[in-house]
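This report is for a reader new to the structure. Please look at the sequence and the model before reading on.

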Amino acid sequence: MAQLLLRLLLLFAVLAHCIPTRLEFVDEYTTFNGSLASRSLVKRDVYNDCDGPHANLLKKSIEDSNNIMANMVAHLDLAIGLYQDDGSGELRDDKRRRDQRTFDENNAILSYNMFIAKSYFGPGHASNRDGYNKLLGTRSLANFLSGQLKRYINGSPLFSGPDNLPLIRLHCSDADAYSETDQEGRTYTQASGRIQPVKVNGNDIYYVNQNVGGATFGTEESYVWVPRLKVCDVGDGATTRLGGVPVDPGISAYTYTDSAPLKEEIMVFCPASLGKWAATESERSASKVHYRDLHVEMGAQPTDAQIELAKSLKPGENDAENISWLSSFMAQTVIHESTHSRALSGSRDVTLKDVYCKENGVTTQTHTDPGCLQRIAKGDPGTLDENGKAQGHLDAQLFSMYAMAVYVNTITWASGHRAKPRAVIMK
Ligand SMILES: [Zn+2]
């Protein structure tokens with residue numbers, strides 16, 4: 001099992017990457033913007049501000065994410081159904097063994113153990129209840145996220161609930177939301193008297209002016225100086241933008257949650273990455289090696305073409321032959337980023353984070369590094385929380401990879417892995 005996990009995880013591409021979302025403080029030099037007074041008249045729960053050449057790609061990726069998330073929820077329901085319903089975390093007697101379960105049930109639970117967290121430790125084991133509760137937590141988040149995506153696609157208001165969830169804005173460039181200067185044309189240094197970068201907890205922080213999503217006061221909306229470590233690559237070769245903020249080509253997207261006086265969340269997909277996702281989309285659509293080509297409905301049988309495709313996707317020498325390609329799609333990043341969003345995930349208590357792999361307190365692998373993902377799922381030292389607990393069930397990248405994996409591995413894993421093969425593939 002461990003070797004299989006290692007092999008699968010080593011095949012992940014390291015494309016999705018986002019920056020820490022913990023810098024939630026804003027600066028006291030917040031000013032106000034009267035020019036957007038009419039915006040409140042057309043307020044909606046999700047502003048899709050992506051109107052560039054990749055607007056359709058984002059739209060399609062959100063629609064796919066909706067399908068992928070609905071499929072994830074259905075799989076998690078199956079996994080939970082394998083357990084006794086007394087909350088003990090013990091498996092049902094009639095579902096204990098692999099050969100007692102359906103393909104989909106095996107796929108659901110084994111994928112969970114490999115991609116997120118071990119959920120069962122053997123009859124009567126003290127950790128079973130904890131493992132089961134992780135499964136319930138993942139299902140709860142997946143279910144909420146799935147519901148919000150469905151509402152958005154249907155044009156319905158998002159569920160706001162007792163937590164009064166914020167609005168969220170989607171951008172295909174952070175230049176739409178940030179500028180180097182405020183509404184009076186002043187740089188941060190001119191407005192505040194402070195030199196950039198500002199040292200905060202040992203980090204070099206740059207303030208950029210955010211002109212959307214601030215609190216409104218009457219009909220006035222605020223301009224807010226917000227702290228940033230890095231910003232998107234826009235594909236023009238620049239190494240800094242927006243007044244000296246370092247460009248990081250490794251960032252594909254990022255999400256910042258609401259933090260007063262910001263009352264909206266912001267999710268940004270970086271221009272350079274949008275180009276890569278668009279290329280993946282057209283290449284995979286043309287070659288018919290797309291997650292849409294591999295998906296088999298729960299309980300259904302794969303077509304002959306899908307069986308042939310599954311055979312060709314056994315781990316091999318190149319990207320086309322392994323599952324690393326799953327993380328090269330925009331939908332995977334949409335799901336990853338959605339788990340950082342309070343508007344899409346629910347309360348702040350349940351949003352996921354990016355778990356890092358550390359040695360002696362120093363980050364030694366990025367949080368989307370294949371080896372790091374494997375360690376997080378296993379709960380290895382260097383990936384644990386302050387109480388020494390595993391964090392796979394709290395990690396955004398593992399959540400999104402599980403979603404992608406169960407969407408397609410209903411057939412890919414049938415070729416010699418642990419899930420019970422579908423009858424049709426046995427022949
Ligand atoms: Zn992230």
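The text below covers a sheet and a pair of helices.

This is a predicted model, in which local features need pLDDT of at least 70, side-chain atom pairs count only at pLDDT 80 or more, and totals for chains, interfaces and linings use all residues. Residues are numbered from 1 along each chain as its sequence is written.

Helices (H or I, at least four residues) and strands (E, at least two) are DSSP runs, numbered from the N terminus. Strands pair if DSSP finds at least two bridges between them.

An open sheet of 4 strands runs in the order S2-S3-S12-S11, and its pairing is mixed. At its edges, each pairing on one side only, are S2 and S11. Neighbouring strands of this sheet are turned by 15° against each other on average, direction ignored.

| Strand | Residues |
|---|---|
| S2 | 46-48 |
| S11 | 253-256 |
| S12 | 264-269 |

S11 and S12 pair in the antiparallel sense over 4 bridges. Ala253 stands opposite Phe269 in S12.

Helix H2 (residues 55-81) and helix H9 (residues 330-338) have axes that come within 8 Å and cross at roughly 70°. Axes are lines fitted to C-alpha atoms, for helices over the stretch in contact, and angles run from 0 to 180 degrees between N-to-C directions. H2 and H9 are therefore roughly perpendicular to each other (65 to 115 degrees).

In H2, Leu57, Ser61, Ile62, Asp64, Ser65, Ile68 and Met69 meet Met330, Ala331, Val334 and Ile335 of H9 (contact: C-beta atoms, placed from the backbone, within 7 Å).

Note on methods: Parallel < 35°, antiparallel > 145°, perpendicular 65-115°, else oblique. Contact = placed C-beta atoms within 7 Å.
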